Amino acid sequence: MEAFEFLARGAEAFIGLFNAGGKTFVGFVSGILPTLIVLLTAVYAIIELVGEQRVHRLARFAAGNVFTRYTVLPLLAMFFLTNPMAYTFGMFVEEKHKPAFYDSAVSLCHPITGLFPHCNPGELFVWLGVGTAITKLAEAGHAPFSVAKLALAYFIVGLFVNLLKGIVTEWLTGLIAKREGVTL
């Protein structure tokens with residue numbers, strides 16, 4: 001009889017796992033998915049209204065100096081193209097800057113998710129976990145800030161870190177290229 005009870009509990013736990021997954025899915029369908037769909041629709045509408053060529057011109061302009069190359073360009077790439085298509089904006093930077101642009105763009109994947117969840121849906125599980133924890137702390141009266149303030153602070157710090165990483169990666173790329181005798 002104990003073996004039967006053990007198997008029955010195992011079966012309940014097995015189906016319980018899928019029930020929990022279903023509840024999470026329903027939560028996404030009634031929560032974040034409509035937001036993502038509306039955000040993606042709005043971004044595509046902006047691209048259509050502004051024009052793809054103007055977006056490309058703005059990207060070429062942003063690639064022009066070290067500050068905008070590692071802050072504005074990755075932001076535009078993530079906002080308009082989302083992850084992983086954002087890396088294609090590397091076509092607007094010189095060959096010697098491509099490793100640093102990629103490093104900067106990939107580093108922006110998570111910090112941008114709190115404000116613009118359509119940019120990197122793969123990171124939503126992390127952000128939603130953090131947001132849930134902050135919300136529960138706020139409900140208990142222990143959160144020193146709101147989820148929106150955290151998202152904004154995280155985004156600003158992310159852009160600053162992107163700039164630093166871009167500069168350092170650009171420098172390291174030049175150093176390694178020189179050591180290996182590669183002309184960039």
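Tutor: Gladly! This is a predicted model, and we can begin with its surface: the protein exposes about 11,500 Å².

Student: How do you know how much of the protein is buried?

Tutor: A residue counts as buried when its relative accessible area is under 20%. Of the 184 residues, 32% count as buried.

Student: Why is Thr82 called buried?

Tutor: Its relative accessible area is 13%. The cut-off for buried is under 20%, so Thr82 is buried.

Student: Where is Thr82 found, and which residues does Thr82 touch?

Tutor: Thr82 is in the loop between helix H5 (72–81) and helix H6 (98–107). Leaving aside residues up to four places away in sequence, Thr82 touches Leu40, Ala77, His118 and Cys119. Touching here means heavy atoms within 4.5 Å.

Student: How many helices and strands does the protein have?

Tutor: There are eight helices and zero strands, so the elements run α-α-α-α-α-α-α-α from the N terminus on.

Student: How do you know what radius of gyration to set the protein against?

Tutor: For a compact globule of 184 residues the value would be near 16 Å, but this protein has 22 Å. The C-alpha trace spans about 75 × 45 × 35 Å along its principal axes.

Student: And how far apart are the mean positions of the positive and negative charges?

Tutor: They are 11 Å apart, for 13 positive and 12 negative charges.

Key: Residues are numbered from 1 along each chain as its sequence is written. This is a predicted model: local features need pLDDT of at least 70, side-chain atom pairs count only at pLDDT 80 or more; totals for chains, interfaces and linings use all residues. Side-chain values use heavy atoms; hydrogens and water are left out. Helices (H or I, at least four residues) and strands (E, at least two) are DSSP runs, numbered from the N terminus. The radius of gyration is taken over C-alpha atoms; the globule rule is 2.2 Å times the number of residues to the power 0.38. Buried means under 20% relative accessible area, exposed over 50%, partly exposed in between (1.4 Å probe, protein chains only). Accessible areas come from the Shrake-Rupley method with a 1.4 Å probe; for residues, only the protein chains shown count as cover. Lys and Arg count as positive and Asp and Glu as negative; His and the chain ends are not counted. The place of a charge is taken as NZ of Lys, CZ of Arg, CG of Asp or CD of Glu.
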